[in-house]
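Student: I have a structure open and would like to talk through a few of its residues. Could we begin?

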Amino acid sequence: MIDETGLTKGQLRKLNALRKSVGSAIADEAFAKWLAQASDEPEGDANAEVIADALWDLVQDGKLMIRRGGYVVRRGRGRVIVEARPD
């Protein structure tokens, strides 16, 4: 049996859907395997790390100031669009 108190809302939904489709015994075993595999994945975004590495030297040199609210970076037609994050 799986301790459901420590699961997130999404994990509970996944577990309940598995239980409805294949039964409790098989679902608990499959969910435990999935949960173990999902926790092994590294947290973080590789693209965000590349952007941070590219900008860090500019921040250290004082040429770039990132305001407290942050910015939104998105792609446009052949360009990169940087906007202040809406409050």
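Student: Is arginine 19 buried or exposed?
Tutor: This is a predicted model. In it, arginine 19 counts as buried because its relative accessibility is 17%, and buried means under 20%.

Student: Where is arginine 19 found?
Tutor: Arginine 19 belongs to helix 1, which covers residues 9-22.

Student: And which side chain does the side chain of arginine 19 make a polar contact with?
Tutor: The partner is the side chain of aspartate 28, at 3.0 Å.

Student: Which residues is arginine 19 in contact with, leaving aside its neighbours within four places in sequence?
Tutor: With those neighbours set aside, arginine 19 touches Met1, Glu4, Ser24, Ala27 and Asp28.

Student: How far apart are arginine 19 and alanine 30?
Tutor: Their C-alpha atoms are 9.9 Å apart in space, and 11 residues separate the two in sequence.

Student: Let us turn to methionine 1. Where does methionine 1 lie?
Tutor: Methionine 1 is in the segment that comes before helix 1.

Student: Buried or exposed, that methionine 1?
Tutor: Methionine 1 has 85% relative accessibility, so it counts as exposed; the cut-off for exposed is over 50%.

Student: What is methionine 1 in contact with, apart from neighbours within four places in sequence?
Tutor: Methionine 1 is in contact with Arg19 and Asp28. Arginine 19 also has Asp28 among its contacts.

Student: New topic: which residues make the nonpolar surface patch?
Tutor: Ile51, Leu55, Leu58, Ile66, Tyr71, Val73, Val80 and Val82 make a patch of about 680 Å².

Student: Which elements each supply at least two residues of the patch?
Tutor: They are helix 3 (46-61), strand 1 (71-76) and strand 2 (79-84). Helix 3 gives the largest share, 3 residues.

Student: Why is leucine 58 called partly exposed?
Tutor: Leucine 58, a residue of helix 3, is called partly exposed because its relative accessible area is 36%. Partly exposed lies between the buried limit of under 20% and the exposed limit of over 50%.

Technical notes. Residues are numbered from 1 along each chain as its sequence is written. This is a predicted model: local features need pLDDT of at least 70, side-chain atom pairs count only at pLDDT 80 or more; totals for chains, interfaces and linings use all residues. Side-chain values use heavy atoms; hydrogens and water are left out. Helices (H or I, at least four residues) and strands (E, at least two) are DSSP runs, numbered from the N terminus. Buried means under 20% relative accessible area, exposed over 50%, partly exposed in between (1.4 Å probe, protein chains only). A polar contact is a pair of N or O atoms within 3.5 Å; within protein, one must be able to donate a hydrogen and the other to accept it, and residues adjacent in sequence count only if both atoms are side-chain atoms. Contact means heavy atoms within 4.5 Å. Patches are made of residues with over 30% relative accessible area and no salt bridge: like charges are joined within 9 Å, nonpolar side chains (Val, Leu, Ile, Met, Phe, Trp, Tyr) within 5 Å. Accessible areas come from the Shrake-Rupley method with a 1.4 Å probe; for residues, only the protein chains shown count as cover. A salt bridge is a side-chain nitrogen of Lys or Arg within 4 Å of a carboxyl oxygen of Asp or Glu.
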